[in-house]
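Student: Could you pick one part of this structure and look at it closely with me? After that, I'd like to see how other parts are held in place.

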Amino acid sequence: MIRVTIWNEYEHERNIPGIMAVYPEGIHGALKKNLDPEEDMIVRCSTLDDPEQGLSEEILADTDVLIWWSHARQDDVTDKTVERVIRHVHSGMGLIALHSAHFSRVFRRLMGTPCTLSWKHGDREKLFCVEPSHPIAKGIPACIELEDEELYGEPFSIPKPDDVVFMGWFEGGAVFRSGCTFTRGYGRIFYFQPGHEENRVYDHPDIRRIIVNSIRWAAPSVRLAAPPDNVELG
Ligand code: ZN
């Protein structure tokens, strides 16, 4: 079984009436509902205001793949939490960073670059699958049309990805590396751009399938009990 933890800062859905209406159960709740039918996954949720920011050593040690959604409270995630999550990624935990998680402290630290991009509120996206042989693209059509999505555009200041699986085209005049994979230590990382909080895109069947595929891809084949360390020989 793949142990999945969906972590959400859970801010907009509690404080902005328009977003509450879109995700009454929280973005984490919506993602969980979509993953629960998968028989090879055990799914739990945690949020920023939970004890130890919802990312305690116990939870992370019991997580194969961590899904991350954050936007308004990126800077509230403490150094201690960031260090803990990164240590687990290096030890083999998978990480799926969704939408504005590109600017989370964890993702930026793992990338080692500013992770800035250009953006515009309210647009239409065509999401092209540009690496159809990748496991994350299994069963995904060549192009997914998203009527309402926030424009994210290049330049996206990330290091060169291992693979670019999806490219986004936006009517407002932008293209974006919307689905990128990375490896850090033993951990597999997938960044996936769709998921602006004003539109319930995570219920789209193809978006749901991409997230399911990415969890299976990111699930570790090797998970170290302790982080890598220097070893003195002799
Ligand atoms: Zn957004």
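Tutor: Let's begin with helix H7, whose buried residues are Asp-206, Ile-207, Arg-208, Ile-210, Ile-211, Val-212, Asn-213, Ser-214, Ile-215, Trp-217 and Ala-218. Keep in mind that we are looking at a predicted model. The helix is mostly covered, with 11 of its 14 residues buried. It runs over residues 205-218, and from its first C-alpha to its last it reaches 20 Å, close to the 20 Å expected at 1.5 Å a residue. As a reminder, an α-helix has 3.6 residues a turn, so residues three or four places apart point the same way.

Now for the metal site. His-99 (NE2), Glu-150 (OE) and His-196 (ND1) coordinate the zinc ion, at 2.0 to 2.2 Å. Along the sequence, these donor residues follow the spacing H-x50-E-x45-H.

Next come the rings. There are nine aromatic pairs in the structure. One of them joins Phe-176 and Tyr-191 edge-to-face, with 6.4 Å from centre to centre and 85 degrees between the planes. This pair, too, links distant parts of the chain, as Phe-176 is in strand E8 (residues 174-184) and Tyr-191 in strand E9 (residues 187-192), 15 residues apart. Phe-176 counts as buried because its relative accessibility is 0%, and Tyr-191 counts as buried at 1%. Both rings belong to a cluster in which ring pairs link Phe-107, Tyr-152, Phe-156, Phe-176, Phe-182 and Tyr-191.

The charged end of Arg-108 sits over the ring of Phe-103, 3.9 Å from the ring centre. Likewise, the charged end of Lys-126 sits over the ring of Trp-169, 5.9 Å from that centre.

What about opposite charges? Side chains of opposite charge can pair when their charged atoms come close. This structure holds 24 salt bridges. In one of them, the side chains of Arg-73 and Glu-11 meet at 3.2 Å, N to O. Arg-73 is in the loop between strand E3 (65-69) and helix H5 (79-90), and Glu-11 is in the loop between strand E1 (2-8) and helix H1 (12-15), 62 residues apart. Arg-73 is buried, with a relative accessible area of 17%.

Another salt bridge joins Arg-14 and Asp-49 at 2.7 Å, N to O. Because Arg-14 lies in helix H1 and Asp-49 in the loop between strand E2 (41-47) and helix H4 (57-61), this pair ties together parts that are 35 residues apart in sequence. Arg-14 is partly exposed at 35% relative accessible area, and Asp-49 is partly exposed at 44%. These residues belong to a network of salt bridges linking Glu-11, Arg-14, Asp-49, Arg-73 and Asp-76.

Finally, how many disulfides does a search of the whole structure find? The search finds zero. Take Cys-180: its sulfur is 10 Å from the closest cysteine sulfur, in Cys-115, so the two are too far apart for a bond.

Conventions:
Residues are numbered from 1 along each chain as its sequence is written. This is a predicted model: local features need pLDDT of at least 70, side-chain atom pairs count only at pLDDT 80 or more; totals for chains, interfaces and linings use all residues. Side-chain values use heavy atoms; hydrogens and water are left out. Donors are N, O and S atoms within 2.8 Å of the metal (3.2 Å for Na, K and Ca); water is not among the atoms, so sites may look incomplete. Rings of Phe, Tyr and Trp (its six-membered ring) pair if their centres lie within 6.5 Å; planes under 30 degrees apart count as stacked, over 60 as edge-to-face and the rest as tilted. Helices (H or I, at least four residues) and strands (E, at least two) are DSSP runs, numbered from the N terminus. Buried means under 20% relative accessible area, exposed over 50%, partly exposed in between (1.4 Å probe, protein chains only). A charge sits over a ring if NZ of Lys or CZ of Arg is within 6 Å of the ring centre and within 35 degrees of the ring normal. A disulfide is a pair of cysteine sulfur atoms within 2.5 Å. The expected span of a helix is 1.5 Å times one less than its number of residues. A salt bridge is a side-chain nitrogen of Lys or Arg within 4 Å of a carboxyl oxygen of Asp or Glu.
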